[in-house]
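Biologist: Please show me the model, and then let me ask how some of its labels were reached.

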Amino acid sequence: MSSAEQVLLTGGSVIDGTGARPRSDTAVLFEQDRILAVGPGAIAEAAADARIIDVSGCTVMPGLIDSHCHITFGEPASNDELFFHRPQSTSMLLAAFNVQKLLLAGVTGFLDADCIFDLGPALREAIEAGIVEGPRMAAGLNALLTAAGGTAGRLIPDTGQLGYAHVMGDRDEMIRTTRQQIKFGADWIKIHVTGSLPNSSGELTVWSLDELRAVTDTAHALGTPTIAHCRSAESTRLAALAGVDLILHASFLDEHALDAVVAAGAAIAPTFTFLANLIDHGHLVGSATSQVDLFRGEIDATAAMLRTAFDAGVPILCGSESGFALTPYGHWHARELELLVDTMGLTPLEAISCATRNGAIALRRPLDSIGVVAVGAAADLLVVEGDPSIDVAVLGDRRRFRHVFSRGRDVDLARPWPERRPLPGEKVGQWAMRPLTRDLVDP
Ligand SMILES: [Zn+2]
């Protein structure tokens, strides 16, 4: 292999992703997708014709890994839009357009655990084949739901597939669908363990332990991990007991659920960003304010117990739930780090580890083979002006990014931000926001 492909970054600080203190005035040498040397000695190891980049004043760190990103949703403003106004072919083109924004935002790896139609594995393969420019991707197919539904209420059909949902009839169908999804390239099997039902506030557990075990045992037998959407303590406890590998949200976690998570060795991706964006900024984009207090309570209650989980050694992953109008691609991936610091009291370095080193779990890679700046690890690197170990918010400011290296390749950050016009029929029109009564016209 020609040494012309070596790149040497000199003069910057290095945050290696493991939680270790930053090392100042050091160097990182990599060739294609492999880090060859880290530390002052890297300079001596570099080939004579290595490309040398002075990154003084910058921090070199692993690229971000977003463990909860819905790349195929296309930023819908409502479930109606997501479920009924997204033709399959258009959705694929839109996902291919949107995924480049992740790289521009410093995200070099992500997990999309449930896609609409069957787009996820195809997008992953197109990225790997060089057809579409994007980060490393781990992909699921549809989320498995019971007929009680998921987060879209009665829009979820009683059987069959719609949007991100594949509705399971009985235990046999759960086992069969799990096997089929793995056959068609799913890296993860996603289960919606809770769903919103009329006459109940919050989400209810809509799977039994036996059903969860049927899916998880089947997936594990085929070497595939499972991931579960759990917006209650009981659902989190059942998911952990069933052997689910990664739990999303873990809302309202309690001690029983925590004990089960610790005993099972499951990981958690809290995903506060969607809730926090609605609370803090929803008024700017016409969000319903009725949920603000509910969401604030959910974050407060969950963060305190997640801190306990973190202290007990539960791996915490960083996921933004990008993909909705409240979380458009490329804008909010790093906000989750700020929220881990602000709500769970993690240090910036701890939050960075959640968003880098721990992301190996989401990508199904061995720990320390990706998401770290270490010899032998993948060359997914971010070079940012400033010191994220003091303030993680700098990671949310693309103007501070000097380089993003994806698989060792320098991503073109100089290009304009990808903009587009609306597609025909993409947005759901509304006749009115409220009934036009006579009183309104003539008070
Ligand atoms: Zn999600």
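Predicted model: local features only at pLDDT ≥ 70, side-chain atom pairs only at ≥ 80, totals over all residues.

Modeller: Helix 3 (residues 88–104) and helix 4 (residues 119–128) pack with their axes 11 Å apart, at an angle of about 45 degrees.

Biologist: Which residues in helix 3 meet which in helix 4?

Modeller: From helix 3 come S91, M92, A95, A96 and V99, and these meet L119, L123, A126 and I127 in helix 4. The residues of this contact divide into eight nonpolar, one polar and no charged.

Biologist: What makes strand 5 count as largely enclosed by the rest of the structure?

Modeller: A residue is buried if 20 or more other C-beta atoms lie within 10 Å of its own. Five of the five residues of strand 5 (residues 58–62) are buried, so the strand is largely enclosed.

Biologist: How do you know that strand 1 and strand 5 pair?

Modeller: Pairing needs at least two bridges. Two bridges join strand 1 (residues 6–14) to strand 5, so they pair, and they run parallel. V14 has V60 in strand 5 as its bridge partner.

Biologist: In which sense does strand 5 pair with strand 18?

Modeller: Strand 5 and strand 18 (residues 381–385) pair in the antiparallel sense, over five bridges. The bridge partner of P62 in strand 18 is L381.

Key
Residues numbered from 1 in each chain as written. Axes fitted to C-alpha atoms, helices over the stretch in contact; angles between N-to-C directions. Helix = DSSP H or I, 4+ residues; strand = E, 2+ residues; numbered from the N terminus. Contact = placed C-beta atoms within 7 Å. Nonpolar A, V, L, I, M, F, W, Y, C, P; charged D, E, K, R; others polar. Buried ≥ 20, exposed ≤ 12 C-beta atoms within 10 Å, placed from the backbone.
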